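This report covers a helix pair and a group of paired strands. The sequence and structure come before the details.

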Amino acid sequence: MAIDESLPFKPVRIALLTVSDTRTLADDSSGDILAARIVDAGHTLAAREISRDSKNEIAAHLHRWIDDELIDCVITTGGTGLTGRDVTPEALDRVKDKDIPGFGELFRWLSFETIGTSTIQSRACAVLARGTYIFALPGSNGAVKDGWDKILHHQLDSRFRPCNFVELMPRLRER
């Protein structure tokens with residue numbers, strides 16, 4: 001499991017959606033962390049917005065970005081907990097074609113190292129929707145760092161071996 005330096009790096013165009021009823025772009029620290037990591041890795045931050053904790057509003061953002069040919073991937077942060085206002089996974093259910101269950105499983109396994117059994121409260125998840133990857137991370141700074149540094153940084157690097165999400169992109173819309 002390593003980067004194959006003989007292969008070219010292919011930047012991914014990533015949209016970032018923070019789900020929160022209280023945050024703004026001015027105080028969205030987890031979004032800032034994720035945006036910086038996306039750009040530092042050599043990817044394109046194609047869009048960045050805030051959405052209220054509303055299934056309809058989140059799904060509307062996702063539909064718009066899924067249909068945008070200039071966006072390959074969406075990462076959301078926030079709304080993955082257990083409270084009544086946490087509805088990001090339900091919004092993903094409205095747009096998905098396929099679940100990517102290993103993402104949430106791996107996230108919780110890795111998160112266990114940091115927060116112990118509290119990781120059971122996370123509903124981090126990922127789906128594929130009309131050829132676009134969507135990854136839903138919790139809204140804490142630590143969760144965003146874990147999700148990017150330990151999973152997405154590798155899987156969104158076209159040089160990562162033995163395999164990665166980027167190499168599958170040309171085939172995601174096959175029928």
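Which residues point one way from E6, and which the other way?

## Basis

The model is predicted: local features need pLDDT of at least 70, side-chain atom pairs count only at pLDDT 80 or more, and totals for chains, interfaces and linings use all residues. Residues are numbered from 1 along each chain as its sequence is written, and side-chain values use heavy atoms, with hydrogens and water left out.

## Strand E6

Cys125, Val127 and Ala129 point one way from E6, while Ala126 and Leu128 point the other way. Strand E6 spans residues 125–129 and is mostly covered, with five of its five residues buried (under 20% relative accessible area, 1.4 Å probe, protein chains only). Strands are DSSP runs of E with at least two residues, and helices are runs of H or I with at least four, numbered from the N terminus.

## Strand pairing

E6 pairs with strand E5 (residues 98–99) in the antiparallel sense over two bridges; pairing requires that DSSP finds at least two bridges between the strands. Lys98 is opposite Leu128 in E6.

E6 also runs antiparallel to strand E7 (residues 132–137), joined by five bridges, with Ala126 opposite Phe135 in E7. E6 and E7 form a hairpin with two residues between them, and Arg130 in the turn has a positive phi of about 50°.

## Helices H2 and H3

The axes of helix H2 (residues 55–66) and helix H3 (residues 88–95) come within 9 Å and cross at roughly 45°. Axes are lines fitted to C-alpha atoms, for helices over the stretch in contact, and angles run from 0 to 180 degrees between N-to-C directions.

Residues of H2 in contact with H3 include Ile58, Leu62 and Ile66, where contact means heavy atoms within 4.5 Å.

How values were computed. Buried means under 20% relative accessible area, exposed over 50%, partly exposed in between (1.4 Å probe, protein chains only).
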